[in-house]
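Here's a quick briefing to read with the structure open beside you. Have a look at the fold before the details.

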Amino acid sequence: MGRRSYPPGPGPPPAVANLCPVATSTKGPGGASRKGKSASGRASKIGRYKTAEESGRYTAPIPKSVRHSPPWFGALILVLLIGGVAVITVNYLAHLPFMAHGSPWGLVVGLAMIFVGFLLATKYH
């Protein structure tokens, strides 16, 4: 198969030009020239843009002086975390006077103390 040569000139060869339809107008229905634009050239917006403050969705940041936890808060977190581990350990060593050896309540109390310690740690500033 040999290579076919076409006469020089702008555009595709005449046989190919008839097969490819070319849009003759750049305007769409209604006179819009580009997608998203109206006939007058303005962007078609449904409503006016409102900032977060105007729409009421903005919450101002809390000042650092207000976000400060009391001094005893960190100590309470440590007491609960370490105390929970200690209650579980002592329960399994059978040294708790008010509970039987290996009582499930020792585990429940220890895990509850650890859970409350982690919960308070997420609120610490």
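What follows is a short tour, from the overall fold down to a few side chains.

This is a predicted model, where local features need pLDDT of at least 70 and side-chain atom pairs count only at pLDDT 80 or more, while totals for chains, interfaces and linings use all residues. Residues are numbered from 1 along each chain as its sequence is written, and side-chain values use heavy atoms, with hydrogens and water left out. The protein has four helices and zero strands, so helices and strands here are DSSP runs (H or I, at least four residues, for helices; E, at least two, for strands), numbered from the N terminus.

**Overall picture**

- Reading from the N terminus, the elements go α-α-α-α.
- Of the 125 residues in the protein, 16% are buried; buried means under 20% relative accessible area, exposed over 50%, and partly exposed in between, with a 1.4 Å probe and protein chains only.
- Among contacts between residues at least 6 apart in sequence, 47% join residues at least 24 apart, a contact being heavy atoms within 4.5 Å.
- The protein exposes about 10800 Å², with carbon and sulfur atoms supplying 67% of it; accessible areas come from the Shrake-Rupley method with a 1.4 Å probe, and for residues only the protein chains shown count as cover.

**Helix H3**

- How does the length of H3 (residues 71–92) check out? Its 22 residues should span 32 Å at 1.5 Å a residue, and the end C-alpha atoms are 33 Å apart, which agrees; the expected span is 1.5 Å times one less than the number of residues.
- The buried residues of H3 are Phe73, Gly74, Ile77, Leu80, Gly83, Gly84, Val87, Ile88 and Asn91, and the buried residues of H3 pack against helix H4 (104–122).
- Just after H3, alanine 94 has a positive phi of about 65°.

**Helix H4**

- Leucine 111 lies in helix H4 and is partly exposed, at 47% relative accessible area.
- The C-alpha atoms of leucine 111 and valine 85 are separated by 7.9 Å, though the two residues are 26 residues apart along the chain.
- Phenylalanine 115 also belongs to helix H4; Phe115 is exposed, with a relative accessible area of 55%.
- Phe115, Val116 and Leu119 make a nonpolar surface patch with about 280 Å² of accessible area together. Patches take residues with over 30% relative accessible area and no salt bridge, joining like charges within 9 Å and nonpolar side chains (Val, Leu, Ile, Met, Phe, Trp, Tyr) within 5 Å; a salt bridge is a side-chain nitrogen of Lys or Arg within 4 Å of a carboxyl oxygen of Asp or Glu.

**Aromatic pairs**

- How many aromatic pairs turn up in a search of the whole structure? Two; rings of Phe, Tyr and Trp (its six-membered ring) pair if their centres lie within 6.5 Å, with planes under 30 degrees apart stacked, over 60 edge-to-face and the rest tilted.
- Tryptophan 72 and phenylalanine 73 have ring centres 5.9 Å apart and planes at 65°, so this pair is edge-to-face.
- Phenylalanine 73 and tyrosine 124 form a stacked pair, 6.1 Å centre to centre with 5° between the planes.
- Phenylalanine 73 lies in helix H3 and tyrosine 124 in the segment after H4, so their pair ties together parts 51 residues apart in sequence.
- Tryptophan 72 is exposed at 54% relative accessible area, phenylalanine 73 is buried at 13%, and tyrosine 124 is partly exposed at 44%.
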